[in-house]
Structures are given as C-alpha cells and as structure tokens.
Amino acid sequence: MTDKNNKKEKIHSKIGYARVSTTSQNLDSQLDILKNAGCSKIFTDKISGTSSERKGWNELLNYVRPKDKIVVTELSRMTRSLNHLLETVKVLEKKGVELISIKENIDNSTAIGRAFLHIMGSIHQMEKELKAERAAAGRISAKARGRVGGRPPTDPEKLEQARILYINSEKTAIEVCSSVGVGRRTFFKYIAKLKRIS
C-alpha cells in the first residue's frame, strides 16, 4: 500500500524548492507559499545561489519524474543568472519536468510560459552578440590608432637598468625587478635573449 501511495505521489506531483543564502536565514515564508501552492514534497537549501553544489536541489532533480512540476516562489531562489536559468530549463525539459515560478507567474506547461522563456533566451543571445560586436569594434578602433591588445611592452632601458643592477649589486632578481619596475619573468627572458645573441 505504501509503495502504491509513493508511486501516486510521484505522478504529476508539484515538488517545491526553497532556498536562502545563509544558515541564519529563515525558510518559513517560502515553505508556507509552496505548501499553499499544493506541493506534496519540498526540498530546501541554505546556501548561496552562486554555489554549484546545492544538496537539496540535486536531491530534487533525482526525485522528480516526467510530468512533475517544480515550483519555486521566485526564480532567484532556483537560479543565479539568466544564463543559469536557461541552462536549468534545458535540464528540466530533458527530464520532462515543468517549471512554475509563483512571483513571476511563469508556468512553462502553458504556451505563454514557454514563450516567455524563449523571449528571455533570445534576449540573452542578443546580449552575447552585442557584447562580441562591441569588443570587435573596440579592437578595430584600437588598431586604427596603432594600439594592439595585451600588455604594453616593457621599456628596454628599464630592462637594461635591471640587468646592470643585478650584475653589480648583491640584490636578488626579485629585489631588482621590484625596484626598477619590471616583471621577473620578462627580466629573465631579456637576460636569456642577450645570452643567445652573445
């Protein structure tokens, strides 16, 4: 009888997920909302949304079955960014699981809910492409002005000054580089280059 009840619970069930960022915060308000929304089981986490290891969330993903609905009070309880939301939605779609967010009034089992998520996905893609276009335009503009990407080259006079100081003093390479203002790795490359030339 118990097994049958468990199986019934896992068919078309509403499964809640609640999260707060620290152990000192309270889950009660989220739990009340999720229970009122008809959730038969609720998984919880007390951990930052930026953490990739959320025990409660991982347990929820192992528990849900196709046609179940994951219910959250708001999307920020489940995901940490738009990109993360879209990745999560893909994971849920593969599992055949639907998503409901109470605050944003999203239910991706409906046409409006699916459309909203697709719009968010399109906006995210547009932002990525605009960012890439701006970066490319910046590189072209810099090149036109004679600038290239990466760190500016180290002044050869400073490298030579560091070499002379290194040879004629008891200072270590780190001390010499620090006092002259050159990178230690760059300094040793300069020394090696001079040795090859000589």
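Is Cys177 buried or exposed in this predicted model? Cys177 counts as buried, because its relative accessibility is 4%, and buried means under 20%.

View 1. A search of the whole structure finds 0 disulfides.

**View 2. The packing of helix α8 against helix α9.** Helix α8 spans residues 173-180 and helix α9 spans residues 184-197. From α8, the contact is made by Ala173, Ile174 and Cys177, and from α9 by Arg184, Phe187 and Phe188. By class, the contact of α8 with α9 comprises 5 nonpolar residues, 1 charged residue and no polar residue.

**View 3. The packing of helix α7 against helix α9.** Helix α7, formed by residues 156-168, has an axis that comes within 10 Å of the axis of α9 and crosses it at roughly 80 degrees. This angle makes α7 roughly perpendicular to α9. On the α7 side, the contact is made by Pro156, Leu159, Glu160, Ala162, Arg163 and Tyr166. On the α9 side, the contributing residues are Thr186, Phe187, Tyr190, Ile191 and Leu194. The contact of α7 with α9 has 8 nonpolar, 1 polar and 2 charged residues.

View 4. Five strands form an open sheet in the order β2-β1-β3-β4-β5, with mixed pairing. Strands β2 (41-46) and β5 (106-107) stand at the edges; each has a single partner strand, so one side of each is left without a neighbour in the sheet. Strand β4, residues 98-101, pairs with β5 in the antiparallel sense over 2 bridges. Ile100 has Asp107 of β5 as its bridge partner.

View 5. Helix α3, residues 55-63, lies across β1 (14-20), β2 and β3 (69-72). The helix runs at about 155 degrees to β2. Val91 is placed in helix α5, which covers residues 82-95. With a relative accessible area of 38%, Val91 is partly exposed. Leu61 and Val91 are 30 residues apart along the chain, and their C-alpha atoms are separated by 9.2 Å.

Methods:
Residues numbered from 1 in each chain as written. Predicted model: local features only at pLDDT ≥ 70, side-chain atom pairs only at ≥ 80, totals over all residues. Heavy atoms only, no water. Disulfide = S-S within 2.5 Å. Buried < 20%, exposed > 50% of the residue type's maximum accessible area, 1.4 Å probe, protein only. Axes fitted to C-alpha atoms, helices over the stretch in contact; angles between N-to-C directions. Helix = DSSP H or I, 4+ residues; strand = E, 2+ residues; numbered from the N terminus. Contact = heavy atoms within 4.5 Å. Nonpolar A, V, L, I, M, F, W, Y, C, P; charged D, E, K, R; others polar. Pairing = 2+ DSSP bridges. Parallel < 35°, antiparallel > 145°, perpendicular 65-115°, else oblique.
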